[in-house]
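Thank you all for coming.

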Amino acid sequence: MRLRTGMLFAALGLSGALLAGCGDDADDKASSESQTSSSSQQSESTPAQGENGSTSQSSASDTASAEQAQPVNLIFGTGGTGGSYYPIGGALKSVFEASDLVGNVQVVSTGASVQNINNITDGLNQIAIVMSDVAYDAIKGQNQFDGNPADIKALAGMYPNVVQVVATADSGIHSIADLKGKRVGVGKVGSGVEQSAAKVLESAGLSYDDLAQVSHTGYADSVTGMSNGNIDAAFFTSGVPNSSITGLMQSTDITFVPVSGDVASKLLEKYPYYENYEIPAGAPERYDLGSAVDTVAIRNVMIVGSDMRNDVAEDLTKRFHDYLESGNVSVGALKQFDPASMNQNLVVPLHPGAEAYYATLAENGDAAKSQSDSDAMAGEASGSDASASDDGQGKAEDKAPQS
């Protein structure tokens, strides 16, 4: 009896111990799983930090990247509504707005080159078209920019701005020297037209003081003045054709005054950004003149502020180049230059973003040329192999017995 009782107590004790052990294992496992889960959640919610606070640096970098990706709004400075700059701005508005990096493009009419550069310097415009002579003075801080050099960069060189001097047929004006004592429209104050007018007059030994009347009129007002007989001649420095001149020709007999000979030579010698230009005869798209007119031209440049983001500048340059190559160009002036020359012979330094695009363009061009050369060599080699095969077959046939 005592033996069975002792055995019963022993069995009960062993059972209790086993039950106690099972309970501890379960608690430990739950505790372990809880700690593991907590540790995992903490790990997911708190990024691992590297040395020197790498987490903070990563966050700052991400923030900077997000800011870089934000689209920008652009105010596009052009020129008078009668010139080429304004319709070019209108054509490029949708081209640039198609970029994910650009929100809205507002095209504004301005007093052209000088005002456009001043507006970019003042932050009123972000992109503009200007003439090379004015841009040259701006970056040098001379003439109208004396002591205030402009921090501007180029996206692309464009078409030549042709100095077109026209006079009423009854004015007796046939040369720049004949402008002496006449009433002349020289463009708006501070415009690129006025700058070229002053330089052409200077090269002919004339100044505003030698003119009977100096009219600071834009294209439209110059046309009105000539039509009404209040102006004898006017300067139109733009692409060819200029729509204002085309309109004038339909209502008034005019003469194109050449800028040639000694006047052109002196101009090119002193101002190297000028180049000789001929308005051809018999070209319907260029006034359909009876005889060619020799004159001079200055290249136009698309500029931006140096603070424009590199990615934006690169994308704008690419889109402008692609538009020129698309065959859908709607403005005649943009058809008058080779897109391959966009980054050549510029008086304004290229924006780093634009420079990056041209580098990529050159690399792609070199790769395409290399592939073309490789294909040509492969073709030649294939031809040689075929020729060798033919020769071998011919020799075999020669050795075959004649029937």
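Let me begin with a definition: rings of Phe, Tyr and Trp, the last by its six-membered ring, pair if their centres lie within 6.5 Å, and planes under 30 degrees apart count as stacked, over 60 as edge-to-face and the rest as tilted. Please keep in mind that this is a predicted model, in which local features need pLDDT of at least 70 and side-chain atom pairs count only at pLDDT 80 or more, while totals for chains, interfaces and linings use all residues. Residues are numbered from 1 along each chain as its sequence is written, and side-chain values use heavy atoms, with hydrogens and water left out.

With that in place, Y136, Y271, Y273 and Y274 form one aromatic cluster, and a search of the whole structure finds eight aromatic pairs. One of them joins Y136 to Y273 in a tilted arrangement, at 5.3 Å centre to centre with 50° between the planes. Because Y136 belongs to helix α5 (residues 132–140) and Y273 to the loop between α9 (261–270) and β9 (274–279), this pair ties together parts that are 137 residues apart in sequence; helices (H or I, at least four residues) and strands (E, at least two) are here DSSP runs, numbered from the N terminus.

As for accessibility, buried means under 20% relative accessible area, exposed over 50%, and partly exposed in between, with a 1.4 Å probe and protein chains only. Y136 is partly exposed at 27%, whereas Y273 is buried at 10%. Y273 also pairs with Y271, and since their ring centres are 6.0 Å apart and their planes at 40°, that pair is tilted too.

Y271 has a charged neighbour as well: the charged end of K199 sits over its ring, 5.3 Å from the centre, the criterion being NZ of Lys or CZ of Arg within 6 Å of the ring centre and within 35 degrees of the ring normal.

Turning to salt bridges, meaning a side-chain nitrogen of Lys or Arg within 4 Å of a carboxyl oxygen of Asp or Glu, the structure holds six. Among them is R183 with D232, whose closest N and O atoms are 2.8 Å apart; as R183 lies in strand β5 (residues 183–185) and D232 in the loop between α7 (219–227) and β7 (233–238), the pair ties together parts 49 residues apart in sequence. Another joins K270 to E202 at 2.9 Å between the closest N and O atoms, linking helix α9 to helix α6 (residues 192–203) across 68 residues.
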